[in-house]
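Let's take a friendly walk through this model together.

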Amino acid sequence: MARVEYKKKQKVSMRLVRFVRTLLRNRKTKAGSSAATRRAQSLVEFAVFLPIFIMLVSGITEFGFMLNYYLTLLDGTRESARLFSNFTPFEEPPTGQNCNFDGDANCDNEAFYQGAAAAVIDAIEPLELDPAADDVIISVFSITEDGSVSRFPSDTGEWRWYNNHASRLSTEEIASRLNTNAPATGALLVEVFYDYHQVLKLPWLLVFVSDPVTLHAYSIMPLSAAEPTPTPMSP
């Protein structure tokens, strides 16, 4: 009788052991399945995010290249304007005429404009201007106390190196920026136009940004030699 009871207890124990083992196996299987699901979900999220991340990083990189080019152009215009603010854009005027405020005097100093443009080209190296697309424009302004503005060279109002662009700053816009209480003054405007070609040339960037992009940088510097002066009287 005792042996029968022992066998019954042994069977119950074995069933309990098998049940516990089965339960543990099921838990491990569920845990493994859950981990695999999480890994698959992470992989899908990464696959979705990766193209967006690449586009964002490449866009920032391309913008960095373009900004560096623009700053180089801006420094070039500043260097030229600062240097040539010490020179005169006029030759010796004819008797009885005032070069600084007489559009008919025709005493523009060609060497002044050529030198200012050449200074820009020299300052922006290693960038090189394309004669077929880029340009350097030099303008001189003579402003009276009442706000009247004359623009030189006398014939065109702007001197162009390659003649590919026109100035983006009109005489009216320059006049609108002046302080009406300021005394008579002169100013030198140096502009540069440069076609920036994308460095990376990635197709998804070309969808949003044209290639090339025309960069425009300019600097304005006081030019004492262009200040209006009284018209000399002929003897």
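Helix H1 gives the largest share of the lining of the largest pocket, five residues. Helices, like strands, are DSSP runs numbered from the N terminus, a helix (H or I) needing at least four residues and a strand (E) at least two. The model is a predicted one, in which local features need pLDDT of at least 70 and side-chain atom pairs count only at pLDDT 80 or more, while totals for chains, interfaces and linings use all residues. Residues are numbered from 1 along each chain as its sequence is written, and side-chain values use heavy atoms, with hydrogens and water left out.

The lining of the largest pocket consists of Met55, Gly59, Glu62, Phe63, Met66, Tyr196, Gln198, Trp204, Leu205, Phe208 and Val209. Two elements, H1 (2-84) and helix H4 (203-208), each give two or more residues to this lining. Here a pocket is an open set of points, on a 1 Å grid over the protein atoms alone, where a 1.4 Å probe fits, with protein on both sides within 12 Å along at least five of seven lines; lining residues have an atom within 4 Å of a point. The volume of the largest pocket is about 150 Å³, taken as the space filled by probe spheres set on the points, which are joined across faces, edges and corners. By class, eight lining residues are nonpolar, two polar and one charged; Ala, Val, Leu, Ile, Met, Phe, Trp, Tyr, Cys and Pro count as nonpolar, Asp, Glu, Lys and Arg as charged, and the others, Gly among them, as polar.

Now for the aromatic rings. The whole structure holds eight aromatic pairs, where rings of Phe, Tyr and Trp (its six-membered ring) pair if their centres lie within 6.5 Å, and planes under 30 degrees apart count as stacked, over 60 as edge-to-face and the rest as tilted. One of them joins Phe112 and Tyr113: the ring centres are 5.3 Å apart and the planes are at 85°, so this pair is edge-to-face. Both Phe112 and Tyr113 are buried, meaning under 20% relative accessible area, whereas exposed means over 50% and partly exposed lies in between (1.4 Å probe, protein chains only). Together with Phe84 and Phe87, they form one aromatic cluster.

Next, follow strand S1 (residues 135-143), where nine of nine residues are buried. In a regular strand the side chains alternate between the two faces of the sheet. From S1, Asp135, Ile137, Ser139, Phe141 and Ile143 point one way, and Val136, Ile138, Val140 and Ser142 point the other.

Which strands pair with S1? Strand S4 (residues 185-196) runs antiparallel to S1 and is joined to it by nine bridges, with Phe193 as the bridge partner of Asp135. Strand S3 (residues 159-160) is also antiparallel, over two bridges, and there Trp159 partners Ile138. Strand S2 (residues 149-152) is antiparallel too, with four bridges to S1, and its Phe152 stands opposite Val140. Pairing requires that DSSP finds at least two bridges between two strands. S1 and S2 form a hairpin with five residues between them, and Gly147 in the turn has a positive phi of about 95°.

Ser219, in strand S5 (residues 213-222), is buried, with a relative accessible area of 7%.
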